[in-house]
Amino acid sequence: MPIDAARALAADPRQGNIGWDHKDIQLYHLGLGAGLPATDPDELRYTLESKLHVLPSFATVAGAGMAMMGGLAAPGIDVNLAHVLHGGQSIELHRPIPVKGSATSSAKVAALYDKGKAAVIVLRTEVADADGPLWTSDAQIFVRGEGGFGGERGPSVREELPARAPDRVEERHIREDQALLYRLSGDWNPLHADPEFAKLAGFDQPILHGLCSYGMTLKAVVDTALGGDVSRVRAYRTRFAGIVFPGETLRIRMWQEPGRVLVSVTAVERDDAPVLADTVVEHA
């Protein structure tokens, strides 16, 4: 049987060591489109090592995706990677991420949900350094054709957006080469670079990484609604609702509430087609 829920949930966590320094941080930020204009003091916080701070979504690439691939190779999980979609992502920050770090990563299958015709695997990664916990990250992996194993259906979390107009609307252009740069942070899936592979997957051209849109959105929220202070971010979650192509523009709508910002992200050039939904940034 492709999924043995009891075995997968009982499996020991996969342990590993990860490390990063300012070059990894700078490369990640550049992959999100940081550095324009190059001499802007606000952008130098993302690109110049002497002024560097760390956008919390860097947690999704620290260790170059060890958690996702390790989790899908866990005991009890035997799925066709061609049927795998990244359905959602959340991170909880226990304290700000340092510019240079060495940490231990513990990854496991935290939950398995039976959606009937599909399965949802929640892969949880907990990262800590010598000073204690740094972050907890959950990747929700949607696997087509792997439902029906008799598990719980799981929660359906939807964030209702306020009926009023958004407090802020930001637009972020995606450079033509942005996916090529972002993939250097560790996601080498050819879907984001190879036109022939993209066509085999049903797309006219390579698509942008969902986690790149995720990072771009958090940067827009931090830079505008949070006054540029990355340390204010406590948690950040989203559901990947659609694709976006390099060369398009993200429209990022924000509604500010006490302790959190609700966000909707769409593709401008395709009549505001959904890109990210149920998106929340919790903050101090």
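The following dialogue explains how several terms are applied to this predicted model.

User: What makes the contact between D129 and R95 a salt bridge?

Analyst: The closest N and O atoms of D129 and R95 are 2.3 Å apart. A salt bridge requires a side-chain nitrogen of Lys or Arg within 4 Å of a carboxyl oxygen of Asp or Glu, so the pair of D129 and R95 qualifies. The structure holds 18 salt bridges.

User: Why is the pair of D129 and R95 said to tie parts together?

Analyst: D129 belongs to strand 4, whereas R95 belongs to the loop between strand 2 and strand 3, so the pair ties together parts that are 34 residues apart in sequence.

User: Why is R95 called partly exposed?

Analyst: Its relative accessibility is 24%. Buried means under 20% and exposed means over 50%, with partly exposed in between, so R95 counts as partly exposed.

User: How do you know that E159 and R237 form a salt bridge?

Analyst: Their closest N and O atoms lie 2.8 Å apart, and the cut-off is 4 Å. The pair links distant parts of the chain, 78 residues apart: E159 is in the loop between strand 5 and strand 6 (168-173), and R237 is in strand 7.

User: Are E159 and R237 buried or partly exposed?

Analyst: E159 has a relative accessible area of 18%; the limit for buried is under 20%, so E159 is buried. R237 has a relative accessible area of 26%, which lies between the two limits of 20% and 50%, so R237 is partly exposed.

User: What joins E159 and R237 to other residues in one network?

Analyst: Salt bridges that share partners join E159, R237, E257, R260 and E282 into one network.

User: What makes E170 and R172 a salt bridge?

Analyst: The closest N and O atoms of E170 and R172 are 3.1 Å apart, and the definition asks for a distance within 4 Å. R172 has a relative accessible area of 23% and is partly exposed.

User: Why is D78 called exposed?

Analyst: D78 has a relative accessibility of 56%. Exposed means over 50%, so D78 counts as exposed. D78 lies in the loop between helix 4 (66-72) and strand 2.

User: What makes the aromatic pair of W20 and F58 edge-to-face?

Analyst: The ring centres of W20 and F58 are 6.1 Å apart, with 65° between the planes. W20 lies in strand 1 (residues 14-20) and F58 in the loop between helix 3 (41-47) and helix 4, so the pair ties together parts that are 38 residues apart in sequence.

User: How do you know whether W20 and F58 are buried or exposed?

Analyst: W20 has a relative accessible area of 5%, and F58 has one of 3%. Buried means under 20%, so W20 and F58 are both buried.

User: Why is the pair of W20 and W135 called tilted?

Analyst: The ring centres of W20 and W135 are 5.8 Å apart, and their planes stand at 50°. Planes under 30 degrees apart count as stacked, over 60 as edge-to-face and the rest as tilted, so W20 and W135 form a tilted pair. W20 in strand 1 and W135 in strand 5 are 115 residues apart. One aromatic cluster is formed by W20, Y28, F58, W135 and Y182.

User: What makes K219 a charge over the ring of Y46?

Analyst: K219 lies over the face of Y46, at 4.6 Å from the ring centre. The distance must be within 6 Å, so the distance of K219 meets this cut-off.

User: What makes the phi values of D272 and D278 worth noting?

Analyst: Phi of D272 is near 60° and phi of D278 is near 50°; each is a positive value in a residue other than glycine. D272 lies in the loop between strand 9 (260-267) and strand 10 (273-283), whereas D278 is in strand 10.

User: Why is D278 called buried?

Analyst: D278 has a relative accessibility of 13%. This value falls under 20%, so D278 counts as buried.

Methods: Residues are numbered from 1 along each chain as its sequence is written. This is a predicted model: local features need pLDDT of at least 70, side-chain atom pairs count only at pLDDT 80 or more; totals for chains, interfaces and linings use all residues. Side-chain values use heavy atoms; hydrogens and water are left out. Helices (H or I, at least four residues) and strands (E, at least two) are DSSP runs, numbered from the N terminus. Buried means under 20% relative accessible area, exposed over 50%, partly exposed in between (1.4 Å probe, protein chains only). Rings of Phe, Tyr and Trp (its six-membered ring) pair if their centres lie within 6.5 Å; planes under 30 degrees apart count as stacked, over 60 as edge-to-face and the rest as tilted. A charge sits over a ring if NZ of Lys or CZ of Arg is within 6 Å of the ring centre and within 35 degrees of the ring normal.
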